Amino acid sequence: SKLIQVVLDPKEYDDSKWISPQEMLEGDYHPALKVSVRGLLSHLKLDEMRKAAQEGADDSTLAALAKQYLATTVEPDYGVSSYKVKSDKKSYEGVVTASKV
């Protein structure tokens, strides 16, 4: 598996671990990572909805999937995040600000 081949440079990363998308969204992680996870979940839900439509799902099933899809397309939190970039090894801490580009 390609996942086993991932090797992170210990000089760059203090810690690494695999977590679920839900843990990422609910946890204290960088806002850019959360936006990426929401995008992935949104894409997967849209694929699920398309497949259901192609297979002839009824309107109530498609409506439920559409609501689930819309729930994944939440606008990111703009402004200063509660997340802080910090490194004890490098005695560094900084705030993260998200803005529209």
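Here is a quick look at the pockets and salt bridges of this structure.

This is a predicted model, so local features need pLDDT of at least 70 and side-chain atom pairs pLDDT 80 or more, while totals for chains, interfaces and linings use all residues. Residues are numbered from 1 along each chain as its sequence is written, and side-chain values use heavy atoms, without hydrogens or water.

The largest pocket holds about 1000 Å³ of space. Of its 27 lining residues, Y13, D15, S16, L33 and Y83 sit closest to the centre. β1 gives the largest share of that lining, 5 residues. By class, the lining has 13 nonpolar, 4 polar and 10 charged residues.

The second largest pocket comes in at about 320 Å³. It has 22 lining residues, with Y29, P31, K34, D77 and S81 nearest its centre.

**Salt bridges**

There are 2 salt bridges (a side-chain nitrogen of Lys or Arg within 4 Å of a carboxyl oxygen of Asp or Glu).

| Pair | Closest N and O atoms |
|---|---|
| E48 and K45 | 2.9 Å |
| D47 and R50 | 3.9 Å |

E48 and K45 are 3 residues apart in helix α2, so about one helical turn separates them. D47 and R50 are also in helix α2, 3 residues apart, about one turn.

As for accessibility (buried is under 20% relative accessible area, exposed over 50%, partly exposed in between, with a 1.4 Å probe and protein chains only), K45 is buried at 17%. E48 is partly exposed at 39%, as are D47 at 32% and R50 at 48%.

Technical notes. On a 1 Å grid over the protein atoms alone, a cavity is a set of points where a 1.4 Å probe fits but cannot get out, and a pocket is an open set with protein on both sides within 12 Å along at least five of seven lines; lining residues have an atom within 4 Å of a point. Grid points are joined across faces, edges and corners, and a volume is the space filled by probe spheres set on the points. Helices (H or I, at least four residues) and strands (E, at least two) are DSSP runs, numbered from the N terminus. Ala, Val, Leu, Ile, Met, Phe, Trp, Tyr, Cys and Pro count as nonpolar, Asp, Glu, Lys and Arg as charged, and the others, Gly among them, as polar.
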